[in-house]
Amino acid sequence: MGLFAALPIKAGTPIIEFKGRIIPWEEGAVMLLRGADHVIKFDAKHDMDARPQWSPAGHVNHGCYPNCAIKNKRGSLWLTSIRQIEQGEDL
């Protein structure tokens with residue numbers, strides 16, 4: 001699985017919004033301890049359960065040399081490019 005750029009993407013471009021349940025950070029911590037790989041920090045007191053069933057953004061892969069970051073924009077989490085991304089590149 002994974003997400004790939006259909007077209008070149010400029011640095012700083014919001015690409016896809018994460019959707020999911022907003023949960024207390026304590027619940028997110030328990031999920032992570034049980035092996036979940038889809039919990040994202042939402043704010044100081046909350047996490048997001050961002051499983052792929054909620055949004056295609058949940059299919060994004062972890063990378064050691066990332067080209068994207070998760071940014072909170074007006075209360076929504078967005079996968080945002082942090083550098084130029086070429087067509088076909090894994091996000």
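**Briefing: pocket, core and salt bridges of a predicted model**

Trp-25 belongs to helix α1, which spans residues 25–33; helices (H or I, at least four residues) and strands (E, at least two) are DSSP runs numbered from the N terminus. The structure is a predicted model, in which local features need pLDDT of at least 70 and side-chain atom pairs count only at pLDDT 80 or more, while totals for chains, interfaces and linings use all residues. Residues are numbered from 1 along each chain as its sequence is written, and side-chain values use heavy atoms, with hydrogens and water left out.

**Helix α1**

- Trp-25 is partly exposed, at a relative accessible area of 44%; here buried means under 20% relative accessible area, exposed over 50%, and partly exposed in between (1.4 Å probe, protein chains only).
- Apart from neighbours within four places in sequence, Trp-25 has contacts with Ala-44, Lys-45, His-46 and Asp-47, a contact being heavy atoms within 4.5 Å.
- Ala-29 also lies in helix α1, and Ala-29 is partly exposed with a relative accessible area of 29%.
- Between the C-alpha atoms of Ala-29 and Pro-66, which are 37 residues apart along the chain, the separation is 23 Å.

**Largest pocket**

- The largest pocket holds about 570 Å³ of space. On a 1 Å grid over the protein atoms alone, a cavity is a set of points where a 1.4 Å probe fits but cannot get out, whereas a pocket is an open set with protein on both sides within 12 Å along at least five of seven lines. Grid points are joined across faces, edges and corners, and the volume is the space filled by probe spheres set on the points.
- Its lining comprises 23 residues, of which Val-60, Asn-61, His-62, Gly-63 and Ile-70 are the closest to the centre; a lining residue has an atom within 4 Å of a point.
- Strands β3 (39–41) and β5 (68–73) are the elements that give two or more residues to this lining, and β5 supplies the largest share, three residues.
- By residue class, the lining divides into 14 nonpolar, seven polar and two charged residues. Ala, Val, Leu, Ile, Met, Phe, Trp, Tyr, Cys and Pro count as nonpolar, Asp, Glu, Lys and Arg as charged, and the others, Gly among them, as polar.

**Nonpolar core**

- The largest nonpolar core has 14 residues, and Phe-18, Met-48, Leu-77, Ile-85 and Leu-91 have the most contacts inside it. Such a core is a set of buried Ala, Val, Leu, Ile, Met, Phe, Trp, Tyr and Cys residues joined through side-chain atoms within 4.5 Å.
- Beyond neighbours within four places in sequence, the contacts of Leu-91 include Leu-3, Phe-4, Ile-15, Leu-79 and Ile-85. Val-60 and Asn-61 are also among the contacts of Leu-91.

**Salt bridges**

- Five salt bridges are found in a search of the whole structure, each being a side-chain nitrogen of Lys or Arg within 4 Å of a carboxyl oxygen of Asp or Glu.
- Side chains of opposite charge can pair when their charged atoms come close.
- In the salt bridge of Glu-89 with Arg-83, the closest N and O atoms are 2.5 Å apart; Arg-83 is partly exposed at 33% relative accessible area.
- Arg-51 and Asp-49 form a salt bridge through their side chains (2.7 Å, N to O). Arg-51 is partly exposed, with a relative accessible area of 30%, whereas Asp-49 is buried at 0%.
- Through salt bridges that share partners, Arg-21, Glu-27, Asp-49 and Arg-51 are joined into one network.

**Loops**

- Gln-53 is in the loop between β4 (46–49) and β5, and Gln-53 counts as exposed at 60% relative accessibility.
- The C-alpha atoms of Gln-53 and Asn-72 are 20 Å apart, at 19 residues apart in sequence. The C-alpha atoms of Trp-25 and Gln-53, 28 residues apart along the chain, are also separated by 20 Å.
- Arg-74 is in the loop between β5 and β6 (76–81), and Arg-74 is exposed at a relative accessible area of 85%.
- Although Arg-74 is not a glycine, Arg-74 has a positive phi of about 50°. Most residues other than glycine have a negative phi.
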